[in-house]
Structure formats: structure tokens, C-alpha cells
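Dear colleague,

Please read them with the structure open beside you.

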Amino acid sequence: MESVKYYLWLSLTLGAGSRAAVRLVRAAGSAKAVWDDPSDELMNEARIKPAVMEKLRTRRDLDEVCDIISWCAENDVAILTPDMSDYPKSLLCLMDFPMVLFCKGELPDLNNRFSCAVVGTREMTEYGKCTAYNIGWGLGDGGAVLVSGLALGIDGMAMAGAQSAGGATVGVLGCGIDIIYPGEHKTLFGRTLERGAIITEYPPGSPPLKGHFPVRNRIISGLCQATAIIEADESSGALITAKHALYQGRMLFSVPGNVGEANTVGTNKLLNEGASVLRDANDILEKFEFLYPHDLKPARKTPGRADDATFIASVARVVSTADPKSKYMGGGVYGGRKKKRTSSKKNNSLAEIYFAGLDDTVSEAKTEAEKKTSEMKHIHVDMLGDKEREIYSLMKPDTPMLAEEIGDGRYTISEVLTAMTLLEISGAVEAGAGGYYIRCSWDDDLIDGVTEHKTE
């Protein structure tokens, strides 16, 4: 428990998804070592900005950390850190692995079992609903652990299918463990806890801010050996998860759809770029059966009828933003606001359902990452010219991108790759598997004068 205190301190101080925190832990050996000796030598070895190191030197009050630990102990929430055997080892290869994971329920043994992420659009069609149900059911029946973001639409439908087959599921939140988001999936949250777990890297009380979800998506794909995309338009957040999967070197599957339909533009594009065709769960299970011979088996064929999916959706209370009964507006990559504001405690608090005695003081705690503005901090990089700066500005934050995507028709692949080499040397970008590049997060060296890329 002593090590938990310092990993949680580091996470609260530098924020979720911090690459600087990872470099510090790797250089020092542990979060406790970072706490004990935040020296200039450590700063240089971990390539940390002086302002970040100063934050570590001045934030030495552990009262908030102790309050969160106490609340978790009282409410049966486990806190997993990278030095624990239960921490998913597949995350440790990420350059931005979570310092802490808050866990409610019984987390399946992800270090020894096959897990697959299944994500897709919130505005699922009847075709998408039936397909997500069948694939989720098949993965659960075949022995896989299904991981998703518990979102409206495809995510929820796939989880409900796996649960109906008796499979284990894991939901990854973009908010605190004490908040149900979206509120319509209250029943699905309860079903998930019966044979699986809900996890998040955000501390209790953290709201579901829009910027949390792209950061969360790296955990969904990072937990799994494979990621499946079912229905996604060209701006779907599921495509960010797909890019994270490729960047992390995971296998990617995509369900084909009718040409010309908005909900299949993204999935068909993934197939065109090399994703494996996904027709049913056995397309995934057969790829990994030889690696997990004692756990995986071919799934029994499901009836595949739309009424089966509809029935399960009603039992599990799975909602799509395409459903007129949904209280959510469909705008934005991750959904809009409710049409009518209601009390968050009434609709969204896990405390009313699973927890007792939620400490309001802890619920209102906010991390430094939540307080920061959306503007990225910058540092002047003398070695870069105007072309490198312009190419850097074309990259979307927290989203792995290929060279041809970055160029966007303005620059040749050769020009982009040359710029990426200089940007990588300067510390402004990092390269991953599959030819993908990603901009460094807000706490890393960034380029002076470049504004944050604006997404629709």
C-alpha cells in the first residue's frame, strides 16, 4: 500500500496519460524513488522540463492521496499500480501507461487470458446492433474477455452479448469510478460487475470531460491482443481506438458494410488500409486459439436474428443515440449533453447502487490535469524550421497518424518523414508500431508558436 501512495501522487500531479510520469518511473525505478529524489540528474535522464520537475518538488502534500485511498478502501475499489502482479502487463509497453488503475469488481486475469476490444459508433443501426450482439456473444462463448468503453451503441451492445453468453467483460471509463456515464447504462454497469470489472485511471469525482475519452481509448486497445471495430463513420471515436491499436502493434479487425452508408465509411476504410475482415467471432478466435489452447474454443453459431439482439438490448438497457428514446443528443465524437440537465447524483452515481457513504469531499476532488486549459504549452525548438512546425500543426493531439494522413495533400510523404525525423529528435513527436506517429502530450516539449489542431 505504501507504493500506491506515491504512484497516485505522481498521477494526480502530472495527470492521466502523462508520458513524463512514465519516463520518470523508468529512470528512477519507482514512483517512491521519484518522490524521494526529484533531482536535476533525474530530470535530465528522464528528459523532463524544469517546470514539470518544479511541480513535483512543490506538491508534497499527500492529504488528497490519503483521502482517495481511504475512500477506495471503504467502497471496495482496488487501486492497481505498475509494480503489482494484478496490473495488466500489456499496458507496461505503452509510453504512457497509467500510473494507477481504479478497479471495481473482479478484474479477469488479463495477463494470462485472451482479451479483445470491441468498439463502434454510438448511433448503431439494426444491422450494427445484431452484428455487435453476435460478435460479443461469440467472443464470450469462445472464452475471450471482451473490453469496451461502456459507451452508447455498439460498445454496450457487444458487452451485453458477451454477458449473455456467460463471458467476462471489462469496461474502461473516461471519468471517476463513482460516476455512471452514460446514465442510461446503469443496468449494464451492474451486469458488468457480476462477471467482470470496471476500471479507470481517473480518480473518484472526475467528470466525463470530452478530453478524457481519447486518452482513455489507449487503455481499451492496450489491454487487448486484438481490437474489433463494428460500424463507424469517418469521424467516429472508435477510429481513434483503432489507430491506438495499430500504433501499439495490436491486431485490428473490421466489419465490412454497405458502400455509401455513413456508418460503414470508417470500417470499410480500415479494411482498405489492411485491417482483417471480421464476419463473426470465430474470425478472431481462430487467430489466437493456438496461443490460448486451454481458454479459447470456436464459438457456437448464434441464431443471428435481430429480435435476439433487441431482446438482450432491452434486458441490459443498452441504448443508442439513434434511438429516439435516448436522452442524449448525438453531436460530437463522444456524444452531446443531455437535453435536460438533471442531478448527477440521481442518474450517474455508482454510490447509490453499489457504494455506501460516498465522501462528498473526495467526490469533488479535481486533478491538475482537469484544471488545465485545452491550450498546449509550448517551448521554443531552435533546430526546427517553418516546414517542420507547419507539419507538426497538422497532427491531431492524442491521435496516432500515418505520414500520408499528416501530409493531407499539402506535403509529400518524403517531406513528412523528413520532418518526423527532426520532430522526433527534438522530442515533439514519438514513433510507434505500424508507421504511426503521435504528438507528445501537454507535459512534454512542444513547439513554440504552434496552436493546437482543432477537431470537428
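Phenylalanine 253 stands opposite serine 276 in β9, and these strands, β8 and β9 (residues 276–277), pair in the parallel sense over two bridges, where pairing requires that DSSP finds at least two bridges between two strands. From β8 the chain crosses through helix α12 (residues 265–272) to β9, in a β-α-β crossover that is right-handed; the term applies if, with the strands pointing away from the viewer, the path from the first strand over the helix to the second runs clockwise. Please bear in mind that this is a predicted model, in which local features need pLDDT of at least 70 and side-chain atom pairs count only at pLDDT 80 or more, while totals for chains, interfaces and linings use all residues. Residues are numbered from 1 along each chain as its sequence is written, and side-chain values use heavy atoms, with hydrogens and water left out. Helices (H or I, at least four residues) and strands (E, at least two) are DSSP runs, numbered from the N terminus.

Strand β8 (residues 251–254) is also joined by four bridges to strand β7 (residues 226–230), and the two run parallel. Alanine 226 has methionine 251 in β8 as its bridge partner, and β7, helix α11 (residues 238–247) and β8 together make a right-handed β-α-β unit.

Turning to helix packing, α1 (residues 2–14) and α5 (residues 50–58) pack at an angle of about 130°, with their axes 10 Å apart; axes are lines fitted to C-alpha atoms, for helices over the stretch in contact, and angles run from 0 to 180 degrees between N-to-C directions. That makes α1 oblique to α5, given that angles under 35 degrees count as roughly parallel, over 145 as roughly antiparallel, 65 to 115 as roughly perpendicular and the rest as oblique. In this pair, Trp9, Leu10, Thr13 and Leu14 of α1 meet Val52, Lys55 and Leu56 of α5, contact being heavy atoms within 4.5 Å.

Helices α8 (residues 154–164) and α9 (residues 186–194) pack at an angle of about 40°, with their axes 10 Å apart, and are therefore oblique to each other. Here Gly156, Met159, Ala160, Gln163 and Ser164 in α8 meet Leu188, Arg191 and Thr192 in α9.
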